[in-house]
Amino acid sequence: MSQVSAAGELGRVDVNLADPATFADPGIEDVWRRLRREQPVFRHPATRHGPAFWVLTRYTDVLSVYRDAETFSSARGNMLTSLLDGGDNAGGKLLAVTDPPRHTAVRMLLLRSFSPRVLKPVLQAVRQRADRLVGAAVDAGRCDFAPAVADQLPIGTICDLLGVPPTDHAELLRLSKQALSSDEPDAPAHETWLARNEILLYFRGLIEKRRADPREDVVSALALGEVDGAPLSLEEAVLNCYGLILAGDETSRLAMIGAVWNFIQFPDQWRALRDGEVALETAVEEILRWNSPAMHLGRTARRDVTIRGELIRAGELVTVWNASANRDEEVFADPDTFQLARTPNKHLTFGHGPHFCLGAFLGRAEVTAVVDALRRQVVEIAAVGEPRPVYSTFLRGFSSLPVAFTPSGSGTG
């Protein structure tokens, strides 16, 4: 693990949470446990990646930050990398990095496109796409589950909703993956910058097309949308398309890949699901808790605030770690056991409060569709190669998972 010593502040724990390579090491779970136990509000020292920042690992503390947008601002950025780099220049324009009241108004505009009522007809297409992709993977016998199935479903669905032509889906998938993570531990920073700018340029062109020729899609809603009686600026519309394409792909895609790896690691749980001993909906919630693809979110303190006796001063950076909160012993019984029948399961995988993930309903539906297709079409799952982790301080999961499927023989009925 690539680390810096924090020994002066936290006993013998050495960790660099600003280094993407840190999170590819399974030892990170030991770090979370010790932080929760010994220093749940931890001041992470400065590194070559940027200044010091606060790390909150307990469920109740993470929840309190999510709920308190008055004290903890998103406008400077909501990911560690952008915060350490001096802030997100989309602050106040991109929904995820905008504070109320502007955030509330723009969110209401977008909610109309992501409500369960509007998405209901989309879900049938999601299920059909999942059945087709899983069916093709099963017929092949062996595949890399990431590109064969998981890479295809979320990006296809969010692109359809946005109004992106099918011919552009593959390129936007490539760019969205590059914008938030890498397959290599030391990817050049300029590759991330280029990917993000290519996405922005793409949506600028599509927004301009929709303003001239609107359709029934989310891009048109943003292109023509008004907030407080005034139209969204071109910049704001483009940035929110960018945010939606990234958010609509990453969490559910990585959760699907994680689910298959979970089924390989815990075959008793796979059998229980396959044999109908566990409810599908309950199983999906445990998959989301266990994998926690979006590991953290970042905030900036607007005022001095004390949490568990630690004074966080106005202007300081605060990171809240879903990956740790979702394993908190004070909230989840036996949290380090993968239990598909776990209930209740109030995980924070999609966040909470004013910035609760806009696409949570759709994300759950996508993961559910893939898991359901697997349990109906597959008897056994075996790894035929090592999974390849993504390298990111924000996302956790795999970019490659070679597997072999033994078909159930029951088709997709």
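This note sets out numbered points on the predicted model shown above.

1. Basis of the model. Residues are numbered from 1 along each chain as its sequence is written, and the model is predicted, with local features needing pLDDT of at least 70. Side-chain atom pairs count only at pLDDT 80 or more, while totals for chains, interfaces and linings use all residues; side-chain values use heavy atoms, with hydrogens and water left out.

2. Overall make-up. The protein chain contains 15 helices and 14 strands. Both are DSSP runs numbered from the N terminus: helices are H or I with at least four residues, and strands are E with at least two. The radius of gyration is 21 Å, close to the 22 Å given by the globule rule for 413 residues, so the chain is as compact as a globular protein of that length. That radius is taken over C-alpha atoms, and the rule is 2.2 Å times the number of residues to the power 0.38. Along the principal axes, the C-alpha atoms fill a box of roughly 60 × 55 × 40 Å.

3. Burial and surface. Of the 413 residues, 56% count as buried. Buried means under 20% relative accessible area, exposed means over 50%, and partly exposed lies in between, using a 1.4 Å probe and protein chains only. The accessible surface of the protein chain comes to about 16800 Å², and 52% of that surface belongs to carbon and sulfur atoms. Accessible areas come from the Shrake-Rupley method with a 1.4 Å probe; for residues, only the protein chains shown count as cover.

4. Contacts along the sequence. Among contacts between residues at least 6 apart in sequence, 71% join residues at least 24 apart. Contact here means heavy atoms within 4.5 Å.

5. Charged side chains. There are 45 positive and 53 negative side chains in the protein chain, and the centres of the two sets lie 3 Å apart. Lys and Arg count as positive, Asp and Glu as negative, and His and the chain ends are not counted. The place of a charge is taken as NZ of Lys, CZ of Arg, CG of Asp or CD of Glu.

6. The open sheet. An open sheet is formed by 5 strands in the order β1-β2-β10-β7-β3, with mixed pairing. Its edge strands are β1 (41-44) and β3 (72-73), each of which pairs on one side only. Two strands pair if DSSP finds at least two bridges between them.

7. Pairing within the sheet. Strands β1 and β2 are antiparallel over 4 bridges, and Arg43 has Trp54 in β2 as its bridge partner. Strand β2 runs parallel to β10 (residues 317-321), to which 3 bridges join it; here Trp54 stands opposite Val318.

8. Side chains of β2. From strand β2 (residues 53-56), Phe53 and Val55 point one way, whereas Trp54 and Leu56 point the other way. All of these residues are buried.

9. Cis peptide bonds. The bond from Pro100 to Pro101 is cis, with omega near 5°, and Pro101 lies in the loop between α3 (80-84) and α4 (102-114). A cis peptide bond also joins Thr343 and Pro344, with omega about -5°. Pro344 is located in the loop between α14 (322-325) and α15 (360-377).

10. Positive phi values. Asp228 is not a glycine, yet its phi is positive, at about 55°. Asp228 lies in the loop between β5 (226-227) and β6 and is exposed, with a relative accessible area of 71%. Ser292, also a residue other than glycine, has a positive phi near 40°. Ser292 sits in the loop between α13 (280-291) and β7 and counts as buried at 0% relative accessibility.

11. Leu232. This residue is in the loop between β6 (230-231) and α11 (234-265) and is buried, with a relative accessible area of 2%. Leaving aside neighbours within four places in sequence, Leu232 is in contact with Arg102, Val106, Leu109, Arg211, Leu222, Gly225 and Val227. Leu232 and Gly50 are 182 residues apart in sequence and 33 Å apart in space, C-alpha to C-alpha.

12. Val390. The loop between β12 (388-389) and β13 (398-400) holds Val390, which counts as buried at 7% relative accessibility. Val390 and Gly91 are 299 residues apart in sequence and 26 Å apart in space, C-alpha to C-alpha.
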